[in-house]
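Please read the points alongside the coordinates.

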Amino acid sequence: MMTRLRFWPDSASSVSGEVNFFFILMVVLCTSVAIAIAAFLIYCAVRYRRKHDDEMGRPVRYVYSVEIAWTVIPFFLFMGMFAWGAKLYFDIERPPDNAITMYATAKQWMWKVQHPEGQREINELHLPVGQPVKLMLISQDVIHSFYVPAFRTKQDVLPGRYTTTWFEATTPGKYHLFCAEYCGAKHSGMIGWIYAMTPRDYQKWLTEGAAEGSLASQGEKYFHQFGCSNCHHFEGQGRAPNLRDLYGRRVEIAGGGSVVADESYIRESILDPNAKVAYGFQPNVMPNFTGQLDEQQVLALVSYIKALGPQPGTQEPSSPGTAPKEYGHEKGIAGPGASSISGSHVGER
Ligand code: CUA
């Protein structure tokens, strides 16, 4: 199986080069400092050893310039490393604005991926090179961890909470996907492949896939199937808030305070509607959907509500229905407590 012994994983993302360089620098710097100290220690132990039984130590002489130098130089050296590491960390944590969003749910013991265009994959993820991809992750059971060594990226996947990671593949190829958090008997089998493709191949792959409509249009189906559309109208306010242009907006909460309507808030409001009731609406109107929907259905619904705006450029669900004809961009939405429109890509962490 092992055709060659490898000391270094593939390097195939926009950050992997810098991570490699940083890692090598840290190893070299720390090793040289450790070796220098050990060598100096041994040298002093030999050079200044006690030579006769009656030999007395000389009084200590302080050389302040030396003491200051060996304090200040390493201080700046290692603070520089910290600053660089922090910058790299933020680069790795913050998805760029032009990232496309994909969704992955983890469960014992597999990865399920959904593309915004509707394609679903299990233990595989196809993506285009040269395009930042933001991945929203959630677990259906225990804690897993999404780990792609070639991209130098690893993100814990938690039950009940969205986490995100992002990467931009730079080299087409097939790369390992691992679960990096012990999650039960078949943890070691929770592996998959990332297929980084040229944009042309990726477009071809997308059209070949048997998509059941976009993720948002799947969400639209659920929106009717589970009766959400009975109360959430798109014309004016019903018993429930109008969800058009909700995504990314700041929502005032009954009982004070406000919250940005990001993926996590929308998910919470579906599964536990009474947790944060929008100002001006009654609690206990909407049924609790915990246990009624799996995370992929929730993701589809979240994706649908995102597609309602106000974020431009999102895909449009295709099927007709009582849903609005056009998505997003409609002014004057909203209900009591919707006065402050933040408008920007809040929620994009
Ligand atoms: Cu999932 Cu280990």
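**Note on strands and packing**

1. Strand S1 (residues 100-107) pairs with S5 in the parallel sense over seven bridges; two strands pair if DSSP finds at least two bridges between them. Helices (H or I, at least four residues) and strands (E, at least two) are DSSP runs, numbered from the N terminus. The model is predicted: local features need pLDDT of at least 70, side-chain atom pairs count only at pLDDT 80 or more, and totals for chains, interfaces and linings use all residues. Residues are numbered from 1 along each chain as its sequence is written, and side-chain values use heavy atoms, with hydrogens and water left out.

2. Leu-137 in S5 stands opposite Ala-104 and also opposite Thr-163 in S8. S5 and strand S8 (residues 163-167) run antiparallel, joined by five bridges.

3. Strand S5 (residues 133-139) has seven of its seven residues buried, that is, under 20% relative accessible area (1.4 Å probe, protein chains only). In a regular strand the side chains alternate between the two faces of the sheet. Here Val-133, Leu-135, Leu-137 and Ser-139 lie on one side, with Lys-134, Met-136 and Ile-138 on the other, and both faces are covered.

4. Strand S6 (residues 144-148) runs antiparallel to S7 over five bridges, with His-144 opposite Val-157.

Technical notes. Buried < 20%, exposed > 50% of the residue type's maximum accessible area, 1.4 Å probe, protein only.
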